[in-house]
Amino acid sequence: MVAKHINEQRYAVFGHPIKHSLSPRIHRHFAEQTGQKAMSYTAIDVPAETFKAAVTDFYNQGGKGLNCTVPLKELAYDFADDVSARAQRCGAVNTLMFKDDGSLYGDNTDGIGLIRDLTVNLNIPIQDRTVLILGAGGATRGILEMLLNETPKQVCIVNRTQSKAHDLAELFAGLGYVTASGYQELNQQSFDLIINATAASLHGDLPPLPNTLLADNGYCYDLAYALEPTPFVKWGIEHGADISVDGIGMLVEQAAEAFYIWRGVYPETRLLIESNLLKQKQ
Ligand code: ATR
């Protein structure tokens, strides 16, 4: 028998906490599907304080690329030597790649991941539609440019802390019609697509939403995901949404884009999303 030496190409997701990350499952599935036998992908718990040292260690041990999740995306942005234009708009990086010259390149695939899930997988129209985004944190900033590229009629950002919504609306004003609002001002308004980008779902909460907020034949999309429907997904179903789903499709699509950046091959995503594999307990 001839011994086969495989030169392992190491990838990982860094975050804190990271135990429940689905990224290893997704990337291993992509690697298998595309025949990338040398590729490995693990989840590594990295608190913010040790982020830079952990990236350097990973590179020294033969690391090729990383995903970064909460709370590391802004740190990854600062640490990268060079970032893509879309990462610059987000002020955050979720995908790092070690280049041959040892420099660190950062990109952000969250926005494109959301748009692919909305438009390709779910067939949800955005052009000339009104969109409401709940929340004005990093998650909202990460999707705004890509959303505005789809030329919606209006994107309204609503947030508990209104000043943060105003700041984001101002930052992205050059890319389309973006407005800002507080929750109490939402009465009498309705939107074709409502995207939940708050951290509320993670705590089993729901922002205060008027019953009339969703237009007829409207859509609800929660960037968060869980084994069970999130409170916002349930709200959408109860308020007559044509489609009300969580962000599992976006998670798979942002991973596919990262995989493409690293490996130059675009994996098939739809079967994985539809397979329910990711909704099973780990
Ligand atoms: P991320 O980077 O994931 O967006 P973040 O920056 O902490 O996380 O932002 C979380 C967002 O969820 C914020 O817009 C926050 O509102 P505030 O800016 O007013 O704090 C919002 N949020 C968190 N819990 C919420 C809740 N229970 N109801 C409404 N909004 C909530």
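**View 1. Packing of helices α5 and α6 in the predicted model.** Helix α5 (residues 110–121) packs against helix α6 (residues 138–149) at an angle of about 55 degrees, and their axes are 7 Å apart; axes are lines fitted to C-alpha atoms, for helices over the stretch in contact, with angles running from 0 to 180 degrees between N-to-C directions. The arrangement of α5 relative to α6 is therefore oblique, a term for angles that are not under 35 degrees (roughly parallel), over 145 (roughly antiparallel) or 65 to 115 (roughly perpendicular). The crossing in which α5 passes α6 is right-handed. This is a predicted model in which local features need pLDDT of at least 70 and side-chain atom pairs count only at pLDDT 80 or more, while totals for chains, interfaces and linings use all residues. Residues are numbered from 1 along each chain as its sequence is written, and side-chain values use heavy atoms, with hydrogens and water left out.

**View 2. Crossing of helices α5 and α9.** The axes of α5 and helix α9 (residues 248–263) come within 7 Å and cross at roughly 120 degrees, so α5 and α9 are oblique to each other. This crossing of α5 and α9 is right-handed.

**View 3. Surroundings of the ligand.** The ligand is surrounded by 14 residues, of which A139, N159, R160, T161 and K164 are the closest; a residue counts here if one of its heavy atoms lies within 4 Å. Oxygen atoms of the ligand lie 2.6 Å from a polar side-chain atom of K164, 2.9 Å from a polar side-chain atom of R160 and 3.1 Å from a polar backbone atom of G138.

Notes. A polar contact is a pair of N or O atoms within 3.5 Å; within protein, one must be able to donate a hydrogen and the other to accept it, and residues adjacent in sequence count only if both atoms are side-chain atoms. Helices (H or I, at least four residues) and strands (E, at least two) are DSSP runs, numbered from the N terminus. A crossing is left-handed if the near helix is turned anticlockwise from the far one by less than a right angle, and right-handed if clockwise.
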